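Subject: Structure handover

Hello,

Here is the structure I promised you. Please open it first, then read my notes below.

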There are 2 protein chains.
Amino acid sequence: MTVSQIDEEVAKLLKLKAQIGGDEGKHQFTLKTAKGTRDYNPKQMAIRERVFNTIIRCFKRHGAETIDTPVFELKETLTGKYGEDSKLIYDLKDQGGELLSLRYDLTVPFARYLAMNKITNIKRYHIAKVYRRDNPAMTRGRYREFYQCDFDIAGQYDPMIPDAECLKIVHEILSELELGDFRIKVNDRRILDGMFAVCGVPDDKFRTICSTVDKLDKMSWEDVKSEMVNEKGLSEEAADQIGQYVSMQGGMDLAERLLQDAKMSQSKQACAGLTDMKQLFSYLQLFQVTDKVVFDLSLARGLDYYTGVIYEAILTQNCPVNVSATQNGVDEKAEEGVSVGSVAGGGRYDGLVGMFDPKGRKVPCVGVSIGIERVFSIMEQKAEASARKVRTTETQVMVASAQKNLLNERLRLTAELWNAGIKTEVMYKKNPKLLSQLQHCEDSGIPLVAILGEQELKDGVVKLRTVHSREEVRVGPGRVCTIPVKGVASPGTYTR
Amino acid sequence: MTVSQIDEEVAKLLKLKAQIGGDEGKHQFTLKTAKGTRDYNPKQMAIRERVFNTIIRCFKRHGAETIDTPVFELKETLTGKYGEDSKLIYDLKDQGGELLSLRYDLTVPFARYLAMNKITNIKRYHIAKVYRRDNPAMTRGRYREFYQCDFDIAGQYDPMIPDAECLKIVHEILSELELGDFRIKVNDRRILDGMFAVCGVPDDKFRTICSTVDKLDKMSWEDVKSEMVNEKGLSEEAADQIGQYVSMQGGMDLAERLLQDAKMSQSKQACAGLTDMKQLFSYLQLFQVTDKVVFDLSLARGLDYYTGVIYEAILTQNCPVNVSATQNGVDEKAEEGVSVGSVAGGGRYDGLVGMFDPKGRKVPCVGVSIGIERVFSIMEQKAEASARKVRTTETQVMVASAQKNLLNERLRLTAELWNAGIKTEVMYKKNPKLLSQLQHCEDSGIPLVAILGEQELKDGVVKLRTVHSREEVRVGPGRVCTIPVKGVASPGTYTR
């Protein structure tokens, strides 16, 4: 059967299905979001906004611009970029016209954007949702629809300078988010490939052995070795040689040592990678981030398109998210800090843009992606664990009245405050009870109430009450705009 | 064949297709975005950010929270909500599992969210992309993927208070965006239905006649009448009676006059709508927005789910966007200000949430959607027409050197500035020319350059140069953080 015959057959079957009623009526009406997706409620949004602000502030501090791309791309744009994972791409229904797929990451659309607009250098960030038909472990913060926060530097520059800036950015963001201690592992595709070569891995097995090495953060060396030998057909000798290297961790010193290593130094590729690694660490020293960065030969990372430096940041402290996992974990590992998974990752991909350029012109790129969903999960659990409340609005003052029939006066004052740029709420009732107006302030953290009454109207003042202390002052005309708004908590921060 | 047998057969065929290589290699590679979609470049993003900030500031001033929902919903969630326009919904491919569609607006997901979480009152905004397989007129700012900015108030309140706040919000946003003069047309579904009833339109023709009336902003009354009579089979007499009403415009006075109207007052529905309209205008007076609001009986609006007040804001000045259209336009109309189309719209929909609730419990809602894409278009054209440059970064200072071999010193100072929270750039070259460093500042509007040289290093200072005036000062240690950053333009604002 050929592809077009299959397409024909599928079309025929789907037509028949539609005729006999399709999926409709098959199941009851379900009130839910699609599998692997979720709504964000106001509290989650307040936390999300705070995290995004921290990250965007960092990206802007480094002089980045931002771009946006459509949520779907031509299917062919994504084809051949993700290896085995391509099966996780969401396709749109063929409704006549183009074949479209939801974006799988932000890197491929970025490369398409550069090639399409013939841009040869840019420093940009992009924060947007991406889509993967994975089997999601939603309790651990993994979804089919999730955010990526990407920062990339494209352009032909002197080696390792932009690469070092990416690591500096990871360091800044993870420090500012206060997620606990972290470590950034660094390696280089050229060092990995060189290592495979000198250990006797056949060329055509580099990728598959690399993806086995990538499992070392979840599996023991014994299991990884067994997969290499028994499943992937590598010789036991080669596997053992790899085993020696991938246990190595260090800094600039390790790069220097490996440059002297009798076997490793035979590979030109490895030497190039190691020389750059030394250079990278010298810049990281200037950036004062070497305390968290480790040159780790076991770091492999899955994606095909990396060509040079690769890195991954992990949190090393127990976080509420993984409490159950660490409780059943191995004690020995727990002591040196159990990995709660990657919170950032990236690397250099000098060939990707060239795949889109009609003439194959290359634009060297290096970038990093912040694993923001995991950060959200940790932040949410922190907020949950804390007794303090998260504000979801920024309202500064509530216009209230103690007496009946003052709706018009309340609305007039409210409009005056809005016009003066003051964040104001008013109840949509003709005669709300004072207690329910005050209760709303307590519930949503509004710090001030402007209370109107017959007497106040007569005197041309309002009574301004601080919700927390119950202090009251009378404020006269012309002073409305000077309402004290100090101490007003921003959304996403804790009150009380 | 049953549906599940078909599903099985399709799955088998698709698996086979994947094995033999799928769609790959079938067609030539095209470098483009999907039809009706576009990338946003950094300049467009800077403008977008500025517009969003203005709108979000307004929403927050009114005490709104924000939520987010997935980009796709179960297909059945969208079914039966959009009438004829349902054909414009993007469906995802059936890849096994649930049938999904991209959201068509933010209102239906909002109603689904309220019903699913049993929320009976909330004031929320939601800014996100929606999808319609329309034939887009991209030059006029219409796309298949576009943003909506929605603000809605859900809850059982006293009549017309939240409705008035929605109109106040439209007034504030359109004023702050400085798009030129505007008008907000208001009507009520109950007034329209009552009018149709007393004019002798048969019940089953209300919706279709309503959608013809909706075309009055683009078609002459003669053409509208002809469509009613010739295409929709309405009697000429009924059409003429409608014609008399839909030419009426006014304010509270018109509502009062129609309440006395011999024919109109026969309809209970119309009277309820007209009484509320009077109430609405009294609140709008308190909010000081009656200067822009017109009660207009020709306003119909397409969507099925409206049950009460409806409104639509239009710009009344010639804008650069529609220059070509107005040049060929009718002179008579041009003089009273040609409509450049709707920039905001909304209304009351008290039945939508009940459609999702298993027990049909209603949650009254009223809301407004800002037509943000049209606003972007206008803003972009304004920026294009202006000679001034739009900044796309917020960088405050560039660390540069005039001499060679000072990369390490530049990087060290750059890191110091980043750590002090100062937005800083540095060139990724070992030995960049001073001229190209200064040129980059000119190009991207960076106001300050910190210049390092042998002499400065010896003296322990940096030379701080103001790009615009070329003034230079020498800054000593401990004063690095006090770099004057006044007059630094934000992104999206104009420099020079």
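At what angle do helix α6 and helix α9 of chain A pack, and how far apart are their axes? The angle is about 145°, and the axes lie 9 Å apart. Please keep in mind that this is a predicted model.

**The helix pair in chain A**

Helix α6 covers residues 189-198 of chain A, and helix α9 covers residues 236-246. Their crossing is right-handed. On the α6(A) side, the contact uses A:Met195, A:Phe196 and A:Val198. These meet A:Gln241, A:Ile242, A:Tyr245 and A:Val246 in α9(A). By class, that contact has 6 nonpolar residues and 1 polar residue. No charged residue takes part in the contact of α6(A) with α9(A).

**The interface of chain B and chain A**

Now to the two chains. Chain B puts 111 residues into the contact, and chain A puts in 110. Together they bury about 10000 Å². Carbon and sulfur atoms account for 61% of that area. Three residues of chain B stand out: B:Leu31, B:Trp418 and B:Tyr428. They supply 9% of the area that chain B buries against chain A, more than any other three residues.

**Polar contacts and salt bridges**

How many residue pairs are in polar contact across this interface? There are 48, with both residues at pLDDT 80 or more. On the side of chain B that touches chain A, helix α1 (residues 3-19) gives the most, with 9 residues. By class, this side of chain B has 49 nonpolar, 26 polar and 36 charged residues.

The interface of chain B and chain A also holds 14 salt bridges. One is formed by the side chains of A:Glu49 and B:Lys60, at 2.7 Å from N to O. Over all chains, the structure has 74 salt bridges.

Another to look at is the salt bridge between the side chains of A:Arg48 and B:Asp68, at 3.0 Å from N to O. Why does this pair join two chains? A:Arg48 lies in helix α2 (residues 42-61) of chain A, while B:Asp68 lies in the loop between β1 (65-66) and β2 (72-74) of chain B, so the bridge links one chain to the other.

Best wishes

How values were computed: Residues are numbered from 1 along each chain as its sequence is written. Chains are lettered from A and ligands numbered from 1 in the order in which they are written. This is a predicted model: local features need pLDDT of at least 70, side-chain atom pairs count only at pLDDT 80 or more; totals for chains, interfaces and linings use all residues. Side-chain values use heavy atoms; hydrogens and water are left out. Contact means heavy atoms within 4.5 Å. Buried area is the accessible area (1.4 Å probe) that two parts lose on being put together, summed over both. A salt bridge is a side-chain nitrogen of Lys or Arg within 4 Å of a carboxyl oxygen of Asp or Glu. A polar contact is a pair of N or O atoms within 3.5 Å; within protein, one must be able to donate a hydrogen and the other to accept it, and residues adjacent in sequence count only if both atoms are side-chain atoms. Helices (H or I, at least four residues) and strands (E, at least two) are DSSP runs, numbered from the N terminus. Ala, Val, Leu, Ile, Met, Phe, Trp, Tyr, Cys and Pro count as nonpolar, Asp, Glu, Lys and Arg as charged, and the others, Gly among them, as polar. Axes are lines fitted to C-alpha atoms, for helices over the stretch in contact, and angles run from 0 to 180 degrees between N-to-C directions. A crossing is left-handed if the near helix is turned anticlockwise from the far one by less than a right angle, and right-handed if clockwise.
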